[in-house]
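The sequence and structure come before the points.

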Amino acid sequence: MKPENLETLLLDRALGQLAPEVDDLLATHVARDPAAARRAEALASTVSLARRAATRQAAPQPRAARSDDAQWRRVRRSQRWRAAGRDGLKLAAALMLGLALMWFARMLSGRPVAAVTFVSAPTRAVSGGRAVVLSAPTFWSTARIAAEAQRSAASAEKNRYRSQVRWLAAPGKNSKTEDKL
Amino acid sequence: MAGPMNPGSTQLEDLYRDLAPALLGYFRRRPALAGAAEDLLHDTFVRALEHRERLEASVSARAYVFGIARHVGSDALRRRRPTEEFVAAPAAPLPEADERLEAMHAAIGDLPEPQRETLLLRLQQELSYEEIAEVLGVPVGTVRSRLHGAVRRLQEILNPSQSEATNQHETGKP
């Protein structure tokens, strides 16, 4: 047997985890090998001492049957409360979801939906060459709105003069219109 | 106790009667958890009841419940963030002073955490390799390796001369 295999078997044996049939075979081998026997004894002694050290604290006293019953009832009660709490949460979540869906469906089908208007530029009206700002989106500054209004008014005036100039500059082309004028 | 089981509450009640003392011991041996051992035992079985269907898939009821206890203990430690040292355990007074036992206790305390935890599950709770593997969520080979490593290390610490002789025996050198 290889030494490393022997060591593994001896450790398993010391830890009490060797199958009985393997244990018998190992015992036969150890009986014929004094070095292996010494090693087996040393390992068994180490594990035994470790067990004593690990379990040296006073073992808890077995609890009385009645106390166990009371404890178990407490465990059962806690578990029922927790389960009830979880069920309650699920129910509440389902109710909330249902209400939300109902509200949404009602909004879509029956009731008028509030109109949402997005204004991307100031609405202007020009009266007599003076621009009046009717509404303005909040994301433009007052200065910008005023500038836009002035620019718009100037542009309208300019267009008016330009058309008049065109009429005057080409009298032959639009004779009918010119007659009307 | 460790055989195939019906995951009913009656079965768990029997399990509670069987395992409560061992689990109390498991918690009480950890200084940071000792004060809350009964509450932790309670939490362990509440969780076991909540997931009782998982009992069927476990190697043994004992391993399953110890696995839950380990998680409950870890959660409690995480919440409280205590400093836990095995060597600082409030040990009961020994009937007779034993220096070797004290040395072994200190040596176990010096083991790396995975080896120590595995060794204590074997020595204190008498769990099999397979059960320990389930409790810790590691392969059986890892459990074996940790245990072997722990025993070798303890022997090196306590009997350095024997360890040298063993190495010579293993390598075949005189």
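1. Among the elements of chain A in this predicted model, helix α3 (residues 34-54) has the highest mean pLDDT, 89, and helix α6 (residues 175-180) has the lowest, 49. Where pLDDT is low, the predicted coordinates should not be read in detail. For chain A the average pLDDT is 74, and 66% of its residues score at least 70.

2. Chain B averages a pLDDT of 78, with 76% of residues scoring at least 70. Among its elements, helix α8 (residues 140-158) has the highest mean, 92, while helix α9 (residues 160-171) has the lowest, 58. For the complex, the predictor gives an ipTM of 0.71 and a pTM of 0.58.

3. The two chains may be described in turn. Chain A contains 6 helices and 2 strands, and from the N terminus its elements run α-α-α-α-β-β-α-α. Of the 181 residues in chain A, 13% are buried. Among contacts in chain A between residues at least 6 apart in sequence, 35% join residues at least 24 apart.

4. Chain B has 9 helices and 0 strands, giving the pattern α-α-α-α-α-α-α-α-α along the sequence. Buried residues account for 35% of its 174 residues. Of the contacts in chain B with a separation of 6 or more, 63% are between residues 24 or more positions apart.

5. Helix α1 (residues 3-14) of chain A has 12 residues and reaches 16 Å from its first C-alpha to its last, close to the 16 Å expected at 1.5 Å a residue. Its buried residues are A:Leu6, A:Glu7, A:Leu9, A:Leu10, A:Leu11, A:Asp12 and A:Ala14. After this helix comes A:Gly16, with a positive phi near 70°.

6. Buried positions in α3(A) include A:Ala36, A:Arg39, A:Ala40, A:Leu43, A:Thr46, A:Val47 and A:Ala50.

7. Helices α1(A) and α3(A) pack at an angle of about 35°, their axes lying 9 Å apart. The crossing of α1(A) past α3(A) is right-handed. On the α1(A) side the contact is made by A:Leu6, A:Leu10, A:Leu11, A:Arg13 and A:Ala14; on the α3(A) side it is made by A:Ala36, A:Arg39, A:Ala40, A:Leu43, A:Ala44 and A:Val47.

8. The largest nonpolar core has 59 residues, and those with the most contacts inside it are A:Ala50, B:Leu23, B:Phe45, B:Val65, B:Ile108, B:Leu119 and B:Val151. Helix α1 (residues 9-28) of chain B supplies the largest share of this core, 9 residues. Setting aside residues up to four places away in sequence, B:Phe45 touches A:Val75, B:Leu12 and B:Tyr16.

9. Helix α7 (residues 129-136) of chain B has 6 of its 8 residues buried, so it is largely enclosed by the rest of the structure. The buried residues are B:Glu131, B:Ile132, B:Ala133, B:Glu134, B:Val135 and B:Leu136. B:Gly137 follows α7(B) and has a positive phi, near 70°.

10. Is B:Ala37 buried or partly exposed? B:Ala37, which is found in helix α3 (residues 37-50) of chain B, is partly exposed because 19 other C-beta atoms lie within 10 Å, whereas a buried residue needs 20 or more. Leaving aside neighbours within four places in sequence, B:Ala37 is in contact with B:Leu24, B:Phe27 and B:Arg28. B:Ala37 and B:Gly73 are 36 residues apart in sequence, and their C-alpha atoms are 9.1 Å apart in space.

Note on methods:
Residues numbered from 1 in each chain as written. Chains lettered and ligands numbered in written order. Predicted model: local features only at pLDDT ≥ 70, side-chain atom pairs only at ≥ 80, totals over all residues. Core = buried A, V, L, I, M, F, W, Y, C linked by C-beta atoms within 7 Å. Buried ≥ 20, exposed ≤ 12 C-beta atoms within 10 Å, placed from the backbone. Helix = DSSP H or I, 4+ residues; strand = E, 2+ residues; numbered from the N terminus. Contact = placed C-beta atoms within 7 Å. Expected span 1.5 Å × (residues − 1). pLDDT = per-residue confidence, 0-100. Axes fitted to C-alpha atoms, helices over the stretch in contact; angles between N-to-C directions. Left-handed = near helix turned anticlockwise from the far one by under 90°.
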